[in-house]
Amino acid sequence: MFRKRKAQQEMEEISRMLERVLNGECIQPGEIGYEDTLPAKIRYQIRRISEKNQGVEARITRERDETKALIGEIAHQMRNPLAGVESYTLLLEGKISGEPGRTYLCALEQSEQRLHFLTESFIKMARLEQQMIQIKKTTDALADTIFSAVLLVQKAAEQKADRSGSNRSGRDKSVA
């Protein structure tokens, strides 16, 4: 009867240690006991698992922080060359005449706009990853959300049309 009770207590102690490991706590060397018994051996193995888990969690945290920093750095380094491309494209608009040149300039503008979109998306992703932007779920009506999105797209299309109109009128003057 005494052995059964002692075995039950040892199993309960092992169970508590496992629960602590699952909760992310570290098992200290003095907690495992130094007897040469099977429960002591199991406690020692639990302690080793605990130490490995702590090391793995520390490595994961460090790698996550390094990745966040790298994403942020890449995103911001992409902005400088893109700003240069935008400036050079604007400078070329007034200088290029003739159909082949205009075709190439139009292709360059489209590529620049795609790069601009991708860069801004990348920066948003970096901010979201760094938790600078937080997503909050709301219970707004879907129709209102769609209406807002349509208005934003319409506004962007109007701005693009205005730019295209001013670019054409500027081009017409330079050709004449």
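Glu 25 is partly exposed, at 37% relative accessibility. Partly exposed is the middle class: buried means under 20% relative accessible area, exposed means over 50%, with a 1.4 Å probe and protein chains only. This is a predicted model, where local features need pLDDT of at least 70, side-chain atom pairs count only at pLDDT 80 or more, and totals for chains, interfaces and linings use all residues. Residues are numbered from 1 along each chain as its sequence is written, and side-chain values use heavy atoms, leaving out hydrogens and water.

Back to Glu 25. Which side chain meets Glu 25 in a salt bridge? Arg 20 does, at 3.0 Å, N to O. A salt bridge here is a side-chain nitrogen of Lys or Arg within 4 Å of a carboxyl oxygen of Asp or Glu. Arg 20 is partly exposed as well, with a relative accessible area of 24%.

How many salt bridges does a search of the whole structure find? Five. I will show two others.

Take Glu 13 and Arg 16. Their side chains meet in a salt bridge, 3.0 Å from N to O. Both sit in helix H1, three residues apart, so about one helical turn separates them. Helices are DSSP runs of H or I, at least four residues long, and they are numbered from the N terminus. Glu 13 is partly exposed at 26% relative accessibility. Arg 16 is partly exposed too, with a relative accessible area of 46%.

Now Arg 47 and Glu 51. The closest N and O atoms of this salt bridge are 2.8 Å apart. Both residues lie in helix H2, four residues apart, about one turn of the helix. Is Arg 47 buried or exposed? Buried, because its relative accessible area is 15%. Glu 51 is partly exposed, with 36%.

Next, the core. Which residues make up the largest nonpolar core? There are six: Ile 14, Met 17, Val 21, Ile 27, Ile 32 and Ile 46. Helix H1, residues 2-22, gives the largest share of this core, three residues. By nonpolar core I mean a set of buried Ala, Val, Leu, Ile, Met, Phe, Trp, Tyr and Cys residues, joined through side-chain atoms within 4.5 Å.

Look at Ile 46. Set aside its neighbours within four places in sequence. Ile 46 is then in contact with Ile 14, Met 17, Leu 18, Val 21 and Ile 27. Contact means heavy atoms within 4.5 Å.

On to the surface. Leu 70, Ile 74 and Met 78 form a nonpolar patch there, with about 250 Å² of accessible area together. Patch residues have over 30% relative accessible area and no salt bridge; nonpolar side chains (Val, Leu, Ile, Met, Phe, Trp, Tyr) are joined within 5 Å, like charges within 9 Å. The areas come from the Shrake-Rupley method with a 1.4 Å probe, and for residues only the protein chains shown count as cover. Ile 74 belongs to helix H2, residues 38-95. At 38% relative accessibility, Ile 74 counts as partly exposed.

Asp 65 is also found in helix H2. Asp 65 is partly exposed, at 43% relative accessibility. How far apart are Asp 65 and Glu 129 in sequence and in space? The answer is 64 residues in sequence, and 10.0 Å in space, C-alpha to C-alpha.

Last, the cysteines. A disulfide is a pair of cysteine sulfur atoms within 2.5 Å. By this rule, the count is zero. Cys 26 is partly exposed, at 32% relative accessibility. Cys 106 is partly exposed, at 36%.

Conventions
Helices (H or I, at least four residues) and strands (E, at least two) are DSSP runs, numbered from the N terminus.
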